[in-house]
Amino acid sequence: MHKDVGAILLNEAEIKARILEMGAEIAAEYKDKNPVMIAVLKGSFIFMADLVRAMDMPSRIEFLGVSSYGDKTTTTGAVQITRDLDCDIEGRHVIVVEDILDSGLTLSYLISYLQNRKPASVAICTLLDKPERRKVEVDARYKGFTIPDAFVVGYGLDFAEQYRNLPYIGVLKPEVYA
Ligand code: PRP
Ligand code: 7HP
């Protein structure tokens, strides 16, 4: 285990098993819809790669760059788009793929941003949900795990751009960011 991680919350096998279930569930509901899968960068890059390989169906892969945490463990509240989509989503079924739903500010901003482009539907798929931190209501259609109010890293999630490469999800020791 990395020296800055206090405890492993979800190990590789648990993450893998849950993503296989989520991929099968999405494939059952979207198999004839050729959805646009939009990964919200950077945090969701690893989840997206595993999720789409667990979905035995056609889809288009897109990336949206968004940032609001900077080098902090709480949101700045200001959501910035750092990279836009490469395609028109008008009339398309869209699935937004996130690593974590925390305050909800990022996803609530993104949903209005995407709705303005008139997609046929928009659903949220998040690997982690931290409901105790919610500031705005957001409805995620697919959720991997509900987690307690702790700052977690690994499997794409960072603190100050570090730890994204850890293969598990662990709780960052508070002394690292205090
Ligand atoms: C993280 C995460 C989500 C968002 C969730 O992104 O990837 O997009 O925060 O938090 P919220 O529900 O409180 O808005 P971050 O801004 O850290 O950028 P990153 O994905 O590049 O790490
Ligand atoms: C964003 C974020 N990034 C990493 N770890 C967490 O626990 C987080 N919550 N919101």
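In which helix is the place of E12? Select E12 to begin: this residue belongs to helix α1, which covers residues 12–30. Helices here are DSSP runs of H or I with at least four residues, strands are DSSP runs of E with at least two, and both are numbered from the N terminus.

The model is predicted, so local features need pLDDT of at least 70 and side-chain atom pairs count only at pLDDT 80 or more, while totals for chains, interfaces and linings use all residues. Residues are numbered from 1 along each chain as its sequence is written, chains are lettered from A and ligands numbered from 1 in the order in which they are written, and side-chain values use heavy atoms, with hydrogens and water left out.

**First stop: E12**

E12 is exposed, with a relative accessible area of 52%. In this tour, buried means under 20% relative accessible area, exposed means over 50%, and partly exposed lies in between, with a 1.4 Å probe and protein chains only.

**Second stop: ligand 1**

A residue counts as near a molecule if one of its heavy atoms lies within 4 Å of it.

Colour the secondary structure next.

A polar side-chain atom of S103 is 2.6 Å from an oxygen atom of ligand 1. A polar backbone atom of S68 lies 2.8 Å from an oxygen atom of the ligand, and a polar backbone atom of K42 lies 3.0 Å from an oxygen atom of ligand 1. On its own, ligand 1 exposes 500 Å², and the protein buries 93% of that. Accessible areas come from the Shrake-Rupley method with a 1.4 Å probe, and for residues only the protein chains shown count as cover.

Stay on K42, which lies in the loop between β2 (36–41) and α2 (45–53). Its peptide bond with L41 is cis, with omega about 0°. Most residues other than glycine have a negative phi, and most peptide bonds are trans.

Now select ligand 2, which is surrounded by Y69, I100, D102, K130, A150, F151, V152, L157 and D158. By class, this shell holds six nonpolar, no polar and three charged residues.

Which residue has a polar backbone atom 2.5 Å from a nitrogen atom of ligand 2? That residue is V152. A polar side-chain atom of D102 is 2.7 Å from a nitrogen atom of the ligand, and one of K130 is 2.9 Å from an oxygen atom of ligand 2. The protein covers 93% of the 260 Å² of accessible area that ligand 2 has on its own.

D158 is buried, at 18% relative accessible area. A polar atom of its side chain lies 2.8 Å from the backbone nitrogen of E161. The side chains of D158 and R164 make a polar contact at 3.5 Å; such a contact is a pair of N or O atoms within 3.5 Å, where within protein one must be able to donate a hydrogen and the other to accept it, and residues adjacent in sequence count only if both atoms are side-chain atoms.

E161 is found in the loop between β8 and β9. This residue has a positive phi of about 70° although it is not a glycine, and it is partly exposed, with a relative accessible area of 39%.

Finally, select K118 in the loop between α3 and β6 (121–129). K118 has a positive phi of about 55° although it is not a glycine. Is K118 buried or exposed? At 54% relative accessibility, K118 counts as exposed.

P119 is found in the loop between α3 and β6, but counts as buried at 11% relative accessibility. To end, display the C-alpha atoms of P119 and V36: they are separated by 9.8 Å, although the residues are 83 residues apart along the chain.

Terms used
Nonpolar A, V, L, I, M, F, W, Y, C, P; charged D, E, K, R; others polar.
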